[in-house]
Amino acid sequence: MTLEHQIDGPEDEGFARPDGNGPLGADLERRDGAAKVCGAARYAAEHHPDGMLHGVLVRAPGLGPVRLVNADEITAIPGVRRVFHDARMIRNAAQGGAGKAPVQGVKAAAYVGQPVALVVAEDFATACEAANRLRVEADGADLPVHPKAGEPDPDKTKDKTTGDFDTAFSEAAVTLDVTYTTPAMVSAAMEPHAAVAEWDGERLTLHGALQMLRDNKAELADCLGLAEDKVRVLSPFIGGGFGSKLGISADCVAAALAAMELGCPVRVVQSRRQVFEVNTRRTETSQRIRLAADRDGRLTAIGHSARVSNLPDESFSEPVLQGTAFTYAAPNRLLHSELVRIHRPAAGSVRAPGEAVGVTTFEAAMDELANEAGIDPVELRLRNLPEVEPGSGRPFSSHRLAECLTEGRDRFGWDGRSPEPRQRREGEWWIGTGMAAAVRVNMVSDAEARVTLTPDGRALVESDMTDIGTGSYTIFGQIAAEALGLSPDDIDVVLGDTDLPPGSGSGGSVGAASTGTAVWLACEEIRRAIAGRMECAPGNLTMAEGHATCGNDRRVLQDVLSGQPLKGHGKLAPGAAMKKVRQATWGAVFAEVAVSDVTGETRVRRMQGTFAAGRILNQRTARSQAQGGMAWGLGLALTEALVHDRRDGHAVNRDLAEYHVPVNADVPHLDVRLLDEPDDWAGPLGAKGIGELGICGSGSAILNAIHHACGVRIRDLPATPDRVLAGLA
Ligand code: MOS
């Protein structure tokens, strides 16, 4: 009834493998595209159950214990139904994942702007008005809000050393010792966090904007004191998440408890300002990078220390050094990370946690080293690629960085580049090129999916897996079509409902590969059942064009089914493969920029990204993911920074006018090339995560191009015009 598979190695259990000629991998447009552009796709806030009430979150003006001053007066406003000030709201739903939401103390604000109350009214305008008039007082506890004031948490201090760093560093022919900083960032998804909760007296149904439904169900149940089977979460369409929707958000808890208490459906939508101030941020980082090399540019020592921050009690610590651990060989290594506890909104995963900031800075430092050593930046990287994972000695499941570097170099037209900065000028513009390697760990997650082959010769794929704009609906249709010998048009895909088998969720780039593999396993189970009916060894069964064929026995699927649907249930577990080998995805990014000598403005003229992420499941959605990542890399290099007030830590630039993400006018042609080759260690599909790879390194290519253009090295990101101008002066 369930086909379980655990990935312990590159071998499988005789599963069918995609042959490369079917719908899998094809350049197919997203099947939900039309519904989205026509407004037919309903997002969380667009649900309007009868009798729905409207809730507006009210937030703490300061730190420490909070008190509602005029709750009675607010409750008396006509149309207001209740003011909630419930300890459960203070639970901070930062990262999620463990099925439990961390508690940040009872009725005490851990950061300025934390939601502490909910005003519920019959209409939205009344709720907003009442929420504005609700006065909240905070004790104003004196707590550290700035990373420099925070204390490192001993439980979160990690050191990993190999060899003798100090000696190697002091004896090296070429050395570099630099400190880079990256600012706090926010996910800045287009769709605000929103929840519509309904309570039937026994079971809670929540329409939310969430990435990881099986975890979110557990978190919500934990928060509300309900059994998990009394909670149903639906999130079939999500307008972007980028990590901020990994865990349940304040609107979910508030809407749920209000619906349960009032017995009416309740909707809570975060305002744009709340989206910036209430949800997880990416931590700011301070990173010291030390590199030592011999005269040929072979690294003898790598040192990388990172300081990050988070709220007390939050377990997440930005894994800044994740990429550094396996990208380059060097016998002597010193990796150090520490986390300080400060009272700003919780830090969590934001697009490519770890590598997005760690690889960006490290690849900029590599560019500096290339300059110091007088070696071409591509060549420097090629000389330092490891045979096995440094430190652990584990083999790589597949290592394609060299290929990405050399193919990208050719495609971009890198050869013949003068290594010296300030060589090309067009009017007020300095022109330069830069490059960086891109790496990202590959993860596999538990995932389940169900596939039903119906007597009309169609199939239905079901899972609670989400599609955050990545293409899950489309890709799963392709996977089932490939496995069952149908057309993608013959496959219906239903996702985003916890009443369906638990998928991986969309996080850590695991969605398409992990849940997709569960879909493949479910189809494999169906194939085996069909083989059984045809008295055929599963390996000899061919399914194509709506027919099952075994030797001379060729039957229309409808005949094999004889009027009854056939179900398969696939269940994937990561297994030992994750430990035996280092699985990663690879890339190289090249950029050409123009930097104004007058204003310090940087315009990116073109970018090329060559990426390897195992089997490509859909050329178009994979390319879009890579392009999206490269655009985010552009933002990371040039525009993105969440600024916190030094006095109380609240977010200052809390809307899309002040927090700058790249817009179309900022993004040039992004050329993407995908090296498509299955990684057998990643499961029977051989697919790896691609969602977050594009951002890793892309920003660095731009920073390095800025240096090549005008000679200014920006080590405090982002490279805004004022900083570039200061360097030019
Ligand atoms: Mo991602 S930052 O794991 O949603």
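User: Is Cys 550 buried or exposed, and what do those words mean here?

Analyst: Buried means under 20% relative accessible area, exposed over 50%, and partly exposed in between (1.4 Å probe, protein chains only). Cys 550 has a relative accessible area of 14%, so Cys 550 is buried. This is a predicted model: local features need pLDDT of at least 70, side-chain atom pairs count only at pLDDT 80 or more, and totals for chains, interfaces and linings use all residues. Residues are numbered from 1 along each chain as its sequence is written, and side-chain values use heavy atoms, with hydrogens and water left out.

User: How many disulfides does a search of the whole structure find?

Analyst: A disulfide is a pair of cysteine sulfur atoms within 2.5 Å. The search finds one. Cys 536 and Cys 550 form a disulfide, with sulfur atoms 2.2 Å apart.

User: Where in the chain do the two partners lie?

Analyst: Helices (H or I, at least four residues) and strands (E, at least two) are DSSP runs, numbered from the N terminus. Cys 536 is in the loop between helix H13 (511-533) and strand E25 (542-544). Cys 550 belongs to strand E26 (residues 547-550). The pair is 14 residues apart and links distant parts of the chain.

User: Why is the disulfide called right-handed?

Analyst: The torsion about the S-S bond of Cys 536 and Cys 550 is about 95°, so the disulfide is right-handed.

User: Is Cys 536 buried or exposed?

Analyst: Cys 536 counts as buried, at 9% relative accessibility.
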